[in-house]
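Here are some notes for a colleague who is opening this structure for the first time. They follow aromatic contacts, then charges over rings, and then strand pairing.

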Amino acid sequence: MTLAAPAALSFEYRPAGEPALGVGTGAPRLSWHLPTAPDGWAQESAEVEVTRTPWGGEPVTTTHTVAGDAQSYVAWPGAPLASRERASVRVRVSGAGQTSDWSEPAVVEAGLLDAADWQAELVSPVGIGGLDAPAPALLTTLRVDGAPQAVRMHVTAYGWYEVLINGRRVGNDYFGPGWTVYQHRLRYYTYDVTDLVHEGDNDVAVLLGNGWWRGRLTWLNRQAVYGDRLGALVRFDVATDQGTSAHTTGPDGWEAVETHVTADDMYWGTTTDLTRPLLGEERHPVAAIDLDKAILVAAAGPAVRAVQEVPAQRVWRSPAGELLVDFGQNVVGFPRITLRGATAGTVTVKQAEVLEHEELGTRPLRSAKATDTYLVPDGDVVLEPRFTFHGFRYAQVQGVDDLDPADVVAVVTHSDMTRTGWFECSDPLVNRLHENAVWGMKGNFVDVPTDCPQRDERLGWTGDIQVFSPAALFLHDAVGFLSSWCEDLAADQHDDGLVPIVVPDVLDAPFAACAWGDAACVVPWNLYQASGDATILQRQLPSMRAWVDKITSLATDHLWLGGFQFGDWLDPAAPPESPAAARADADVVASACYYHCADLTARAAAVVGDEATAATYRALADEVRAAFRRRFVTADGYVASDAPTVYSQAIVWGLLDDDQLAFAGARLADLLRLESFRISTGFVGTPLICDALSMTGQAAVAYRLLQQTGCPSWLYSVTMGATTIWERYDSMLPDGTINPGEMTSFNHYALGAVVDWLHRVVAGLQVDVPNRTVTAAPVPGGTLTHAGAELDTPYGRAAARWRLDGDELQVDLVVPAGMTGTIILPGGAPELVGPGTHTRRCPAPPAAAAPTTVRELLDSDAWPRVVDVVTKAGLADDDRALAERLRRHLAMPLTPEHLATLVGRPGFDGPAQGLAEQLAEALG
């Protein structure tokens with residue numbers, strides 16, 4: 001195999017393949033990978049060629065040698081870039097006497113690295129642009145003297161901005177500058193607008209919408225949370241054949257007008273008067289408003305963009321006569337509708353995720369109107385809202401007689417992350433579950449990791465991302481996205497260490513909550529695991545410590561007891577009106593979370609070389625573990641409240657001794673058997689339960705849990721037509737009605753955290769980026785005959801696949817150059833391998849033996865047949881009722897006669913006529 005040139009050269013967290021403009025550091029780190037390399041080859045050094053061009057200056061090329069095998073987050077060679085300085089970079093690598101070709105060049109430009117570089121003021125319209133007034137726009141003329149060679153626009157805003165230059169849109173970004181803790185961090189973006197300008201005068205319009213800055217937020221519909229005035233801060237840098245110049249915002253040279261967007265809100269939607277021009281004619285003055293430029297930060301992660309268009313699948317009239325559109329997929333964004341030969345009037349478009357009784361199901365929206373209104377003229381017109389987004393699969397259109405599906409698309413908007421992870425198996429329902437998690441992530445990664453995208457909420461709930469972050473970081477390159485959000489979490493963290501339940505914090509909840517505040521420790525650790533970038537831990541370690549210290553201040557004898565907790569939120573056993581009423585005791589859950597956070601903080605400190613902090617929090621974690629075991633765990637491993645979630649926490653997080661694990665795993669498996677493998681965990685337990693089972697030799701039960709289709713289960717929603725992950729396992733009831741709870745969403749990614757287990761255990765792909773290892777350790781099971789996963793690591797594509805072929809199991813592992821691999825066949829010893837593709841075969845796992853006990857019956861393929869016999873005989877309502885009847889008899893030897901006696905009606909003296917014979921047939 002040849003040594004290929006380095007590929008995917010990138011800077012910091014910016015994606016490869018596009019210029020990294022406006023980077024917020026003068027020393028951006030470099031990353032690359034090697035598509036191929038000879039067997040046994042290792043990088044010994046790299047040459048980095050840097051062609052630097054100061055703004056308006058001449059290029060200068062230098063070459064630097066970097067020793068070692070680092071390929072990810074390699075330190076910038078040479079002097080830091082100055083503000084607006086551009087560099088074109090190439091890399092080639094050497095080792096074992098071989099040197100690669102040069103990589104393709106990649107471009108990076110420093111942003112405005114000092115607040116003084118802006119030389120601009122944030123300006124706001126005067127006399128227009130009030131809270132309930134039409135959306136305003138700021139106007140100026142950009143004078144370009146000479147032929148433009150390079151033009152950059154740096155921009156941020158109070159509110160959302162959209163920029164037009166000579167009537168053409170700048171970029172494909174939406175909802176900039178995004179949502180941060182505005183009082184501490186306000187992002188700016190840099191755009192290359194060279195192709196949009198010409199010599200002479202250029203018309204510039206900066207449209208402003210309410211957005212997160214002053215639009216409605218939370219179910220309380222709070223407005224103007226951050227301020228009541230919209231405004232923009234802009235700097236243009238222009239380089240022509242005649243020299244360089246700058247144009248900035250300030251009271252002089254800028255004016256304001258009203259636009260034809262007469263109302264805009266993220267929750268309520270927009271009103272647009274298309275009978276008027278976009279920009280009004282009456283000009284109004286602007287005024288400078290205070291902005292501390294020290295809070296300005298360059299964007300680290302991707303902007304929200306229009307990334308896809310989903311065509312309408314069907315247009316029809318509902319029983320009530322409403323014109324409905326189905327896009328076939330629950331998406332986030334907005335519909336774009338082309339009206340042909342329209343008659344002047346009003347058209348409204350209302351969005352929702354589901355139908356109920358064949359009409360648009362709007363109750364889950366709560367107070368969000370999710371309605372866009374258009375005043376349209378005669379003729380052809382395109383309906384597309386500005387300054388809003390919706391979560392929807394369906395749209396209801398009023399004011400038109402009919403629509404051609406070809407004239408309707410859903411524009412999908414989310415943070416433009418690069419897809420990095422994939423999974424596929426032989427069960428189409430499991431594949432759809434995985435795809436639903438992908439869509440759920442896309443729809444809720446809209447600049448912040450939100451809980452849901454449709455109702456009067458859309459907040460950065462810390463608990464949701466804490467549980468989903470491992471899956472998120474596999475599915476997409478979300479390192480820049482979540483690293484930036486972690487900075488906001490630290491900025492919003494209280495002086496006493498309390499972590500808000502949402503970030504940015506617009507709820508002002510005064511309490512600490514386990515699993516939610518744990519995001520301060522869990523998300524940075526998961527970022528490190530996914531990227532190998534220890535600087536994230538270095539930066540976030542004070543926040544991690546502060547959160548653990550906050551818990552310590554609340555603890556009694558090293559246990560977190562009492563006070564409000566969300567606990568195992570949305571346990572299916574909890575009534576719709578009381579989602580915190582879980583089976584798992586809140587004190588047990590919280591104390592386990594306390595240990596987990598102390599443990600992660602100790603690990604993080606060790607990674608960054610802070611030995612004193614590592615020792616302090618390791619000692620604390622040990623004390624919490626000991627207290628947890630004294631208070632909540634019996635000698636054999638029984639965990640207080642005897643709920644699936646507490647066993648899962650104790651097993652996965654290491655709260656039990658080795659000799660207790662078998663009992664705990666067996667008890668957990670029995671609890672699931674007694675539910676006939678229905679889900680019995682909420683937000684805390686769901687990401688852990690399958691791991692807890694597979695770690696304790698109960699993988700067969702984990703597969704039964706995974707492949708269950710009854711309600712509640714992961715696949716129940718799939719059988720009901722879901723195309724995203726639901727907030728509740730039963731957000732829609734089996735009869736097609738919406739769950740009566742006040743809090744019901746059909747696009748909530750948290751319960752999709754199970755897909756992380758699909759990647760690591762079902763497919764068997766385990767990637768340790770910090771240690772640069774890839775392992776194939778599949779655990780075949782259930783009805784699956786094959787499964788596989790692929791991941792674009794910082795070192796290239798890794799993959800693990802397995803397939804059953806008769807009595808043989810084939811396992812494939814792909815190890816990228818720069819990493820080492822391990823193959824672990826079922827029951828076998830680890831085998832170390834190098835980069836490349838490796839195939840191994842072994843005997844297939846033996847088929848399950850015929851059940852000999854009631855417990856084994858529940859695990860076997862015969863169980864559904866037995867349930868069918870018993871329910872048809874009228875002896876049980878369903879499989880869960882039958883399992884409950886067998887609760888005290890799991891260890892009983894299995895015979896048809898015994899089973900017939902056990903399932904008979906209370907007081908029944910013996911087997912029902914013919915029942916034993918039918919059961920014998922079902923048992924095979």
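1. A residue is called buried when its relative accessible area is under 20%, exposed when it is over 50%, and partly exposed in between, using a 1.4 Å probe and protein chains only. By that rule W560 is buried, because its relative accessible area is 3%, and W547 is likewise buried at 0%.

2. Please keep in mind that this is a predicted model, in which local features need pLDDT of at least 70 and side-chain atom pairs count only at pLDDT 80 or more, while totals for chains, interfaces and linings use all residues. Residues are numbered from 1 along each chain as its sequence is written, and side-chain values use heavy atoms, with hydrogens and water left out.

3. Rings of Phe, Tyr and Trp (for Trp, the six-membered ring) pair if their centres lie within 6.5 Å, and planes under 30 degrees apart count as stacked, over 60 as edge-to-face and the rest as tilted. Searching the whole structure in this way gives 31 aromatic pairs. One of them joins W547 and W560 edge-to-face, with 6.0 Å centre to centre and 65° between the planes. Because W547 lies in helix α6 (residues 534–554) and W560 in the loop between α6 and α7 (586–607), this pair ties together parts that are 13 residues apart in sequence; helices (H or I, at least four residues) and strands (E, at least two) are DSSP runs, numbered from the N terminus.

4. The rings of W726 and F746 also form a pair, which is edge-to-face because their centres are 5.4 Å apart and their planes stand at 85°. Both residues lie in the loop between α13 (714–719) and α14 (755–762), so the contact ties together parts that are 20 residues apart in sequence. W726 counts as buried at 6% relative accessibility, and F746 does so at 1%.

5. Ring pairs also link W160, Y174, F175, W179, W212, F334 and F389 into a cluster. A charge sits over a ring if NZ of Lys or CZ of Arg is within 6 Å of the ring centre and within 35 degrees of the ring normal. R169 lies over the face of Y174, at 4.4 Å from the ring centre, and K442 lies over the face of W439, at 3.7 Å.

6. Strand β16 (residues 200–209) is largely enclosed by the rest of the structure, because eight of its 10 residues are buried. Two strands pair if DSSP finds at least two bridges between them. Strand β10 (residues 136–144) pairs with β16 in the antiparallel sense over eight bridges, and A137 has L207 as its bridge partner in β16. Strand β12 (residues 160–165) pairs with β16 in the antiparallel sense over six bridges, where W160 is partnered by G209.
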